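Dear colleague,

I am handing over the structure we spoke about, and you will find it just below. My notes on helix packing and salt bridges follow it.

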Amino acid sequence: MKCIVTGGNVKALGKAIHSLARVGDEIYVEPLQEGLSMRTVSASRSAYASFLFAPLFFQNYQPTESGYDPDSEAFRCKVHMKSFLAVFRSLPSLEKTVEKCLLSLNPHASRFRVQLHCKYGVVKTHDLPFQECESLQADFDTSQCAHALRAPPRLLADAVVHFPLALAEVTLVASPAGKVSLRSYLEGDTEVTRTMVTELGLNEDEFQTFHIKQEAQITFCLKEFRGLLSFAESSNLSLNIYFDTPGRPAIFTLDDAVLQVHLVLATLEEPESCSSQMTSCTPKPLAPAYDFTGDDIDDYMIAMETTCGGPAGTEPLPSPTFPMGPTSSEAQEPDSDHEGTVPGTPPQKRFRSLFFGSVLSQSQSLAHSRSSQEVLAEDSEGES
């Protein structure tokens with residue numbers, strides 16, 4: 001793979017890396033005929049982000065050594081996020097000094113090379129270690145979501161700025177009457193009198209698209225959402241929000257002629273709302289207790305119960321945001337798999353993993369570990 005990014009698109013690439021860094025610890029790089037794909041997934045498998053840069057985004061794009069040969073399979077790899085982020089750490093510096101960025105990946109080499117060609121002939125070369133991997137996929141279909149919103153990025157950025165940076169989750173409530181609100185999510189055992197609760201209301205006329213069939217609310221992580229909003233605001237791209245019932249993934253997208261962005265977040269399941277859900281809440285049979293400790297994640301990656309695709313035969317319009325290169329391409333990500341579950345009794349507050357079923361939060365995992373250690377200690381004392 002070899003591609004060249006020039007001008008303001010270098011900063012856009014850097015902003016994309018910063019957004020991906022808010023989601024996962026590894027970045028999956030896959031050169032496709034439709035463009036360069038950069039994806040990541042959170043450690044709990046509850047968040048997935050994907051950036052697909054079309055060939056028009058680059059001055060020169062060569063996914064394989066033999067160019068656009070359909071019979072030649074591109075080499076894909078994953079790079080540690082901190083290593084990649086270090087190259088694009090200073091976004092103001094990228095905009096002022098970097099004139100061109102060269103990305104090259106050779107399966108016979110031992111490093112993923114990122115070269116920054118700066119002013120006055122200065123060239124900064126970064127050779128990043130990588131690991132060969134399988135393709136990271138999470139299929140979804142926005143048409144299957146019952147509710148859809150589209151808003152300018154400034155509207156949502158101004159809304160979330162009122163929430164504390166330490167806030168983990170936020171609840172979005174939408175009503176067919178034309179009201180949308182964002183409020184702080186509090187756990188059931190939280191004392192409301194000692195906690196600051198923030199709620200902000202929006203009207204239907206502030207959205208570019210407002211399609212709400214019935215009153216609904218979802219709770220999702222705020223950190224990853226802030227990262228996507230930051231990128232959307234810098235590129236001036238409207239944000240699409242697709243969601244369904246609690247427990248089903250919420251999908252956030254940005255669309256441009258040279259760029260496709262998807263952020264899929266697990267939403268908090270509300271046990272008391274099972275009776276009012278359109279989907280059945282009957283528990284599914286538990287999967288066998290496989291041990292994933294010593295295995296590669298890609299061998300057990302299970303895609304979400306959705307699919308993604310676009311109309312065939314359509315030519316992308318000129319991008320109002322990003323300068324275009326000399327070539328064009330369509331973008332799509334077909335793949336499918338099944339959703340699995342993990343045995344065990346779920347806690348009261350849990351996010352449904354997009355890949356492996358229910359997952360514990362970090363604080364609950366620590367509490368569970370400590371309680372297990374205490375039980376083991378009591379057993380050892382009894383035996384002695």
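Glu-233 counts as partly exposed because its relative accessibility is 30%, where partly exposed covers the range between buried (under 20% relative accessible area) and exposed (over 50%), with a 1.4 Å probe and protein chains only. Please bear in mind that this is a predicted model, in which local features need pLDDT of at least 70 and side-chain atom pairs count only at pLDDT 80 or more, while totals for chains, interfaces and linings use all residues. Residues are numbered from 1 along each chain as its sequence is written, and side-chain values use heavy atoms, with hydrogens and water left out.

The side chain of Glu-233 meets that of Arg-154 in a salt bridge of 2.5 Å, N to O, the term standing for a side-chain nitrogen of Lys or Arg within 4 Å of a carboxyl oxygen of Asp or Glu. This pair links helix α5 with helix α4, at positions 79 residues apart; helices (H or I, at least four residues) and strands (E, at least two) are DSSP runs, numbered from the N terminus. Arg-154, at 47% relative accessibility, is likewise partly exposed.

Helix α4 itself, residues 153–160, is mostly covered, with six of its eight residues buried, among them Leu-155 and Leu-156.

The structure holds seven salt bridges, and Glu-30 takes part in one with Arg-39 (3.0 Å, N to O) and in another with Arg-76 (3.2 Å, N to O). Arg-76 lies in the loop between β5 and β6 and Glu-30 in strand β2, so this pair ties together parts that are 46 residues apart in sequence.

Best regards
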